[in-house]
Amino acid sequence: MPEDIFESRLKRILALMPGLSWIAFGRGFYLLAQVAFVALLARILGAEALGSYALVLAVVSPIRMFADMGLRSLLATENELQTKMPGYLALRYASLVFFVVAALLFSVLYFGESGVFLSIALPLIGVKLAESLSDFAYGAQQYYDRLNRQ
């Protein structure tokens, strides 16, 4: 009897391995791309622009994490998603408006109308906005168990 339970659990774990390997590959690729981007930014723009990028990133990232509110994991584990999806979408859009306003406000107050605002802050806010939207879509895919489909 215990052997059957062990075998069934082992089969379930082994069935998850292809999906887990893709997730690990995707996260690893994302991290390597981030490191390559910072190295490329330092080489092309110089130390001062890299420092400005780090400052904008240090302020924009926590605002984005606060605005995301863990909705992806909540979305993926929700039992009655069909009835609650409009509320989740409204909450995500409201939090994204908060994120954009807060990040733009900080950037304008700190950098003014300098080239750093136009060349670093605006594109970074746009990228984080797109990342938040894709994060929400990823949570919906997790809910519908479509991570292994193409």
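Residues are numbered from 1 along each chain as its sequence is written. In this predicted model local features need pLDDT of at least 70 and side-chain atom pairs count only at pLDDT 80 or more, while totals for chains, interfaces and linings use all residues, and side-chain values use heavy atoms, with hydrogens and water left out.

**Exercise 1.** Determine whether Ser107 is buried or exposed, and find which residues Ser107 is in contact with, leaving aside its neighbours within four places in sequence.

*Solution.* Begin with the location: Ser107 is found in helix 4 (residues 81–111), where a helix is a DSSP run of H or I with at least four residues, numbered from the N terminus. Next, take the accessibility: Ser107 has a relative accessible area of 0% and is therefore buried, given that buried means under 20% relative accessible area, exposed over 50% and partly exposed in between, with a 1.4 Å probe and protein chains only. Finally, with contact meaning heavy atoms within 4.5 Å, the partners of Ser107 beyond those neighbours are Gly112, Phe117, Ala121 and Ile125.

**Exercise 2.** Describe the span of helix 5 (residues 115–143), and state where helix 5 bends.

*Solution.* Helix 5 has 29 residues and reaches 42 Å from its first C-alpha to its last, close to the 42 Å expected at 1.5 Å a residue; the expected span is 1.5 Å times one less than the number of residues. As for the bend, which is the angle between axes fitted to the seven residues ending at a residue and the seven starting there, helix 5 bends by about 30 degrees at Ala121, with Pro123 following within four residues. The buried residues of helix 5 include Phe117, Ala121 and Ile125.

**Exercise 3.** Classify the ring pair of Phe37 and Tyr53, and explain which parts the pair ties together.

*Solution.* The structure holds 4 aromatic pairs, counted when rings of Phe, Tyr and Trp (its six-membered ring) have centres within 6.5 Å, with planes under 30 degrees apart stacked, over 60 edge-to-face and the rest tilted. One of them, Phe25 with Phe29, is stacked, at 6.4 Å centre to centre and 25 degrees between the planes. For Phe37 and Tyr53 the centres are 5.6 Å apart and the planes stand at 65 degrees, so this pair is edge-to-face. Because Phe37 lies in helix 1 and Tyr53 in helix 2 (residues 47–68), the pair ties together parts that are 16 residues apart in sequence. Phe37 is partly exposed, at 39% relative accessible area, whereas Tyr53 is buried, at 7%.

Key:
Helix = DSSP H or I, 4+ residues; strand = E, 2+ residues; numbered from the N terminus.
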